[in-house]
Each structure stands twice: as structure tokens, then as C-alpha cells.
Amino acid sequence: MGDEAEPVVPLAHRVPDLAALELLLAVARLGSLGRAARARGITQPAASSRIRSMERQLGVALVERSPRGSRLTDAGVLVTDWARRVVEAAEAFDAGAQALRGRRDSRLRVAASMTIAEYLLPGWLVALRARRPGTAVSLLAGNSRAVAERLLAGEADLGFVEGLDVPTGLDGTVIGHDRLIVVAAPSHRWARRRTELAPAELAAAPLILRERGSGTRQVLDAALARHGGLADPLLELASTTAVKAAVVSEAAPSVVSELAVREELTARRLVEIPVRDLRLGRDLRAVWPAGQRPAGPARELLGLTRGT
């Protein structure tokens, strides 16, 4: 059996950190450990300790101290030259990182399911605009499935969905809660009922519904699965606005977000139909690709959504 290779000491343990290298450059420039300490915003004892630690790490003396000041040794002159190149490279690295942050912060791509896009996001985006007037925001609205697809394809920085859980491949956090309600035109026979609707009656009725893949449809399908499942819908529409218009026109009842019909309920263009023993609550979530926590304007927008 051959000899095992000795473990390699990591470079970070063999090379002084940037703070130490910047201190050494200050000593070379100012000719005094005390003046270098003040320039770096530290005490002289701390500066002396940092220089000694660097000398132990490198195994050579770098600075000679005398009543007249501090002078670099021959080894110190060489190390200072190398240190200058390292610091210049670090400054270039920092400038590049700032440019990347600036490019990231100059735009925000949001994908949101229809209810959130229509009834919640406008207020959040107005608040974000006040904080970040230089950030250009684009909004892509679709159902919850489409939001997940856009995030996974790298076409959006932050998404918002309604449904039972976080879509596969994404991380998320609950930002609020919503309730689905059954609504009908005031002239519909359900609006004249004196008893609550049974879940089985709702399941058997031809309704006007959002398309499969929407958070609304997902919650409704799950809630009525043990009551015979949803009957074939009378209409499947891709937006809540279209669903409401069809219900107001007396085509058939629907199940929609309470957020979406507040105005219609107040004006009595629609009425809520009570249903007994049926829970139709759902979580509203912000989502993003797994392992990629939101940053920059996406993180700030996420903060504005709390308490929905």
C-alpha cells in the first residue's frame, strides 16, 4: 500500500487576509505603524498584533520598528509589492461585483397567478416604486402552474401563487391567506335558497370555473374530491375577470377568490352562496427557485407583501 499524500493546507490559511495586506501597504506608504493604524481606523496595539500575526504566518520579518518610525525589511518590500497586486485584484473583483448588483437591481421580473396579479400586486408594486424608482418592473400573469414554469426557466426573479403547496422545484413562504366563495347572479335560483348549499350539490352543478393548473381550481378539486368530484364545467376561463363577467351575465355560478369579488358583492351584482361543511381556504405564497433566496429588489418586494 503506497504512502498517503499529505493533506494540503488551504490557501486561506497560508495567505494573509486583505485587512492585514492593506495595513502593510499603509505602513509602507506612511512610514509609521501608528499613522497606518489611524488610517485603517484601528488602535496601534491592534495594528502591531496584526503585523506580528502576519509575520508568524509567513515565517519572515516584515517591519522593523524604531523610535524614528517603522521601516520595511527587504522581505517586507517584496511582500508589500505582492500585497499591492492582491489588493488591486480585490478592488477589481469588488467593482465587478458592484456592477453585477447594479444590473440585478435595475430590473425585477415578477410572475404571479391571476388573483394576486389583479388584486394584490398593484399595491405592492406602487410601494416598491416609491422605494426603488430606478428599478424597472415587468409582470407576467398566468396560472400557478405557469408561474412555476417561468421561475424554473429563469424567466422571472420572484413568483406568487395560490394553492395547496409549493410547486416542485421551488422554495416559498406564506405571505397571506385567501378564501374561495361560491357566487351567483342575484337572479339565480341558488340566491333565493333559504338553506345552505350541500357540498355534493356544488360538486354536481355545471359551474363557470378557472382552467386546470390554476390555484383556484386546485383547491376546489381537492375540496370536492370526497363529494363526488367536480362535474364538467359549463365554461373554463383563463382569468378571474372573465369568470366574474360570465357569472354576472347569469350564465351559471362560480367559485372565486373573495378578494376578487368584494366590489361586486357590495354592489349586489353578485351574491355569496353559503355552503355547509366545506373549507375553501388557501395560502398565498411567494416562491422562487429552490436554493436561490430572493435578493435586491425581489427581496424588498417580498418584504412588502407581509401581512397580506
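Trainee: Which helix and which strands are included in what covers the buried residues of H8?
Mentor: This is a predicted model, in which local features need pLDDT of at least 70 and side-chain atom pairs count only at pLDDT 80 or more, while totals for chains, interfaces and linings use all residues. Residues are numbered from 1 along each chain as its sequence is written, and side-chain values use heavy atoms, with hydrogens and water left out. Helices (H or I, at least four residues) and strands (E, at least two) are DSSP runs numbered from the N terminus, buried means under 20% relative accessible area, exposed over 50% and partly exposed in between, with a 1.4 Å probe and protein chains only, and contact means heavy atoms within 4.5 Å. The cover of the buried residues of H8 includes strands S3 (107-113), S4 (136-142), S5, S6 (170-184) and S11 (281-289), together with helix H10.

Trainee: How wide an arc do the buried residues of H8 cover around the axis?
Mentor: The buried residues in H8 are Ser144, Val147, Ala148 and Leu151. The arc is taken from the directions that run from the helix axis to the C-beta atoms. These residues lie on the same side of H8, because the arc they cover is only 95°.

Trainee: How many of the residues of H10 are buried?
Mentor: Among the buried residues in H10 are Gly215, Thr216 and Arg217, and Val219 and Leu220 are also buried there. Helix H10 is largely enclosed by the rest of the structure, because its buried residues number 7 of the 10.

Trainee: Which helices and which strand each supply at least two residues of the lining of the second largest pocket?
Mentor: On a 1 Å grid over the protein atoms alone, a pocket is an open set of points with protein on both sides within 12 Å along at least five of seven lines, a cavity is a set where a 1.4 Å probe fits but cannot get out, and lining residues have an atom within 4 Å of a point. The second largest pocket is lined by 13 residues, and Ser144, Arg145, Gly213, Ser214 and Gln218 are those nearest its centre. At least two lining residues each come from H8 (144-152), H10 (215-224) and S5.

Trainee: Which element gives the most to the lining of the largest cavity?
Mentor: Thr115, Arg210, Thr240 and Val243 are among the residues that line the largest cavity, and Ser254 and Ser257 also belong to this lining. At least two lining residues each are supplied by helix H11 (240-248) and by strand S9 (254-257). With 4 residues, the element that gives the most is S9.

Trainee: Why does the pair of Trp124 and Phe160 have the name that it has?
Mentor: The structure holds 1 aromatic pair, where rings of Phe, Tyr and Trp (its six-membered ring) pair if their centres lie within 6.5 Å, with planes under 30 degrees apart counting as stacked, over 60 as edge-to-face and the rest as tilted. Because the ring centres of Trp124 and Phe160 are 5.3 Å apart and the planes are at 45°, the pair is tilted.

Trainee: Does Gly303 count as buried, partly exposed or exposed, and what is its relative accessibility?
Mentor: Gly303 has its place in helix H13, a helix in which Pro297, Ala298, Leu301, Leu302 and Leu304 are buried. Gly303 itself counts as partly exposed, because its relative accessibility is 44%.
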